[in-house]
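Work through the exercises below with the structure in view, and try each task before reading its solution.

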Protein chains: 2
Amino acid sequence: MNFPSKLIEDAVNEISRLPGIGKKTALRLALHLLKQKENVTEALSQTLLKMRTEIKYCNVCHNISDSEVCSICTSARRDRRTICVVEEIPDVLAIENTSQYTGLYHVLGGVISPIQGIGPDELRIESLFSRISNATENDKVEEVILALPATMEGDTTCFYITRKLKEYGVKVSTIARGIPIGGELEYTDEVTLGRSILTRVNYSAD
Amino acid sequence: MNFPSKLIEDAVNEISRLPGIGKKTALRLALHLLKQKENVTEALSQTLLKMRTEIKYCNVCHNISDSEVCSICTSARRDRRTICVVEEIPDVLAIENTSQYTGLYHVLGGVISPIQGIGPDELRIESLFSRISNATENDKVEEVILALPATMEGDTTCFYITRKLKEYGVKVSTIARGIPIGGELEYTDEVTLGRSILTRVNYSAD
């Protein structure tokens, strides 16, 4: 692609480094910014920079946060006896948006993957165990919910954590796998459908 | 959507003001930037700001430019006898990328639209006429190519410019409309197909 201006070429190159944004979309975004008032671009640039330089990660659950300990970990309204273990930060947001969970979180920062050379030490697994063992009598962790991806790596991580958690006497559960609500049986992949039959639950008509 | 941090919420709000980017994509982009080194965000912010504040518009053709007159208008290798009239800046880039056109451009900045209250005075039409009348004997404009959208507004603009150009004795042409190369007859809309039959061209087997 030829550009009539070095300035716009640089901008397009920078924007198209973002995931899922190609040169054409980048050009469209750059031209859009040119059409807007200068303060629109100023606000965008400064907000991004501020976010990148000032954001903190919670010392307890490793979620993004504005302070040393995040608002979920400090909240008095959350159930401190339950910890939900997730792979990445977006997973926390996804679960929060369901409004169905009131416990705490623990962000691993990945899953165990021998192929990519990611072992337990590369993840924040040790800090999960120390959270559980250091909890005071009032905040005793009673259940760890594993909300990890349904992949080989996710399963390996679940297995590893479950084995290790045995010595702490904590109940371990995993989120339900099955056919999505509104999903059609005939379009569900065989693995999910097969598992959903094997792991069927008691039905009550109450 | 709930956000665990005000900083990321602000960033998502700013990013999602861009066209075609919703909250979910904005969040994905913000989290991507958080995963990268700080200088990635720094480069992005500064390049955008630099582009927005330093970019110029060519005094002659109104295309984006790094200087007062753009590289196309100053190029000695361009055919100065032909001016291609387009609606917006991306149209220049699109035509440039075909490598089929060696003349100059003129960016109107829109098309005549009575409904939206855009008349000839809101566009850079007068400056097109003064370009033509002020041209020196060597740079005399011989042809104006209208490459405007095939809409009611585009047609109105074509009609207006053509009428006005009569007094300058300049040849006026419009880009060919028809079935795209590789396009299938049966999937072409009736208007295009009908017009492509009416405006058929002589076929030579040479």
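**Exercise 1: the largest pocket**

Task: describe the space in the largest pocket and the residues around it.

Solution. The first step is the volume: in this predicted model, the largest pocket holds about 500 Å³ of space. The next step is the lining, which is made up of 20 residues, and those closest to the centre of the pocket are Glu88(A), Ile89(A), Pro90(A), Leu31(B) and Lys35(B). Turning to the elements, helix H5 (89-96) of chain A and helix H2 (23-35) of chain B each supply at least two residues of this lining, and the largest share, 7 residues, comes from H2(B). Sorted by class, the pocket lining has 11 nonpolar, 4 polar and 5 charged residues.

**Exercise 2: the largest cavity**

Task: find how many cavities of 30 Å³ or more the whole structure has, and state which classes of residue line the largest cavity.

Solution. A search of the whole structure finds 1 cavity of 30 Å³ or more, and the volume of the largest cavity is about 120 Å³. Its lining consists of 14 residues, of which Ile15(A), Leu18(A), Leu44(A), Leu18(B) and Leu44(B) are the closest to its centre. Helices H2 (23-35) and H3 (38-54) of chain A, together with H2 and H3 (38-54) of chain B, each supply at least two lining residues, while the largest share, 3 residues, comes from H2(A). As for class, the lining of the largest cavity has 14 nonpolar residues, with no polar and no charged ones.

**Exercise 3: a sheet in chain B**

Task: give the order of the strands in the open sheet of chain B, and name the helices that lie against it.

Solution. The sheet has 4 strands, in the order S4-S3-S5-S6, and their pairing is parallel. At the edges stand strand S4 (103-107) and strand S6 (171-174) of chain B, each of which pairs on one side only; from one strand to the next, the twist averages 25°. Strand S5 (143-147) of chain B is joined to S6(B) by 4 bridges, and Glu143(B) stands opposite Lys171(B) in S6(B). Helix H5 (89-96) of chain B packs on the sheet, where it touches strand S3 (79-86), S4 and S5 of chain B, and its direction makes about 160° with that of S4(B). Helix H6 (126-134) of chain B lies across S3, S4 and S5 of chain B, running at about 150° to S4(B).

Key
Residues are numbered from 1 along each chain as its sequence is written. Chains are lettered from A and ligands numbered from 1 in the order in which they are written. This is a predicted model: local features need pLDDT of at least 70, side-chain atom pairs count only at pLDDT 80 or more; totals for chains, interfaces and linings use all residues. Side-chain values use heavy atoms; hydrogens and water are left out. On a 1 Å grid over the protein atoms alone, a cavity is a set of points where a 1.4 Å probe fits but cannot get out, and a pocket is an open set with protein on both sides within 12 Å along at least five of seven lines; lining residues have an atom within 4 Å of a point. Grid points are joined across faces, edges and corners, and a volume is the space filled by probe spheres set on the points. Ala, Val, Leu, Ile, Met, Phe, Trp, Tyr, Cys and Pro count as nonpolar, Asp, Glu, Lys and Arg as charged, and the others, Gly among them, as polar. Two strands pair if DSSP finds at least two bridges between them. Axes are lines fitted to C-alpha atoms, for helices over the stretch in contact, and angles run from 0 to 180 degrees between N-to-C directions. Contact means heavy atoms within 4.5 Å.
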